[in-house]
Amino acid sequence: MQALPVLMYHHVSPNPGLVTVSPQVFREHMAWIAAHGYTTVGCDELAAFLAGAPLPKKSVVVTFDDGYLDNWVHAHPVLQEFGQKAVLFLVTGWLGEGPVRPHAGEGGAVPDCPNHRRCKELIGAGQGDAAMLRWSEVEAMRTAGTFEFHSHTHSHTRWDLQLPPGPERDQALAEDLAHSRATLAERLGGASAHLCWPQGYYDETYIAIARQAGFNYLHTTEKRLNTPGSDPLRIGRLVTKERPGRWLGSRLFIWRHSRLGSFYARLRGA
């Protein structure tokens, strides 16, 4: 049975750090995908596939979390170069205003893209514009067709670490999700049914609240096979690394074949 690998990126930056691949390696990943006949698909195709619709055998979803400036500066021009598209789960409360900044595909100077730790510091200090996308850049990427945009909540808060289980925590999560959907609707004309959990955390109550908010496709950080009929409330994703294109190719081969992926998951204890 065919399976659909979903890749997970955060940063594409020359500044090393957590959850980061370099621009050179990201370009190698996308070049490998293009050279080996893979089709990058979006969330509509993913949803249809889970419901039983066919996809090209070599299909893959490329996802990004949070919405960092480097997604525009370094990832966007690579996707544009190879005619590929990706999915970006935005923390809607972290994005700012202002004109579009230069990106690496234009051949000139580009803004510095802080590493992951520095991004968190800047956001915490109220200086997120130096770390995060602007809405103008989101619109530019959407117009170019390199990214589509979905929810990663409004605040990226782990409510399970802030409040004990109960009505107060449930209400806080519900308001966070509602704020995210309202922001996406205001900025982009609508919010989809796809949500990515901050830091991958969820429980059964979280799932119920998300469904009440209008989210029917929930993206995790778990290594799960995505096959026709598999659970759309627990979509699996594969962590990417600063490794060569052939490494990525081997992972894609494993995770697009359900039997091989199942065996590999058992072997690795996933």
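## Overall picture

A residue is called buried when its relative accessible area is under 20%, exposed when it is over 50%, and partly exposed in between (1.4 Å probe, protein chains only). Of the 270 residues in this protein chain, 52% count as buried. Please keep in mind that this is a predicted model, where local features need pLDDT of at least 70, side-chain atom pairs count only at pLDDT 80 or more, and totals for chains, interfaces and linings use all residues. Residues are numbered from 1 along each chain as its sequence is written, and side-chain values use heavy atoms, leaving out hydrogens and water.

The chain has 10 helices and 10 strands; these are DSSP runs numbered from the N terminus, with helices (H or I) of at least four residues and strands (E) of at least two. The radius of gyration is 18 Å, close to the 18 Å given by the globule rule for 270 residues, so the chain is as compact as a globular protein of that length. That radius is taken over C-alpha atoms, and the rule is 2.2 Å times the number of residues to the power 0.38. The C-alpha trace spans about 50 × 45 × 35 Å along its principal axes.

## Aromatic rings

Rings of Phe, Tyr and Trp (its six-membered ring) pair if their centres lie within 6.5 Å; planes under 30 degrees apart are stacked, over 60 edge-to-face, and the rest tilted. The count by this rule is nine aromatic pairs. One of them joins Phe26 and Phe64 edge-to-face, at 5.7 Å centre to centre and 70° between the planes. This pair links distant parts of the chain, as Phe26 sits in helix 1 (residues 23–35) and Phe64 in strand 5 (residues 59–66), 38 residues apart. Phe26 is buried, with a relative accessible area of 0%, and Phe64 is buried at 0% as well.

Tyr201 and Tyr206 also form an edge-to-face pair, 5.2 Å centre to centre with 90° between the planes. Here Tyr201 is partly exposed at 25% relative accessibility, whereas Tyr206 is buried at 4%. Elsewhere, ring pairs link Tyr9, Phe26, Phe64, Phe147 and Phe149 into a cluster.

## A charge over a ring

Arg181 lies over the face of Phe215, 4.8 Å from the ring centre. For this, NZ of Lys or CZ of Arg must be within 6 Å of the ring centre and within 35 degrees of the ring normal.

## Helix 10

Phe263 is found in helix 10. Phe263 is partly exposed, with a relative accessible area of 47%.
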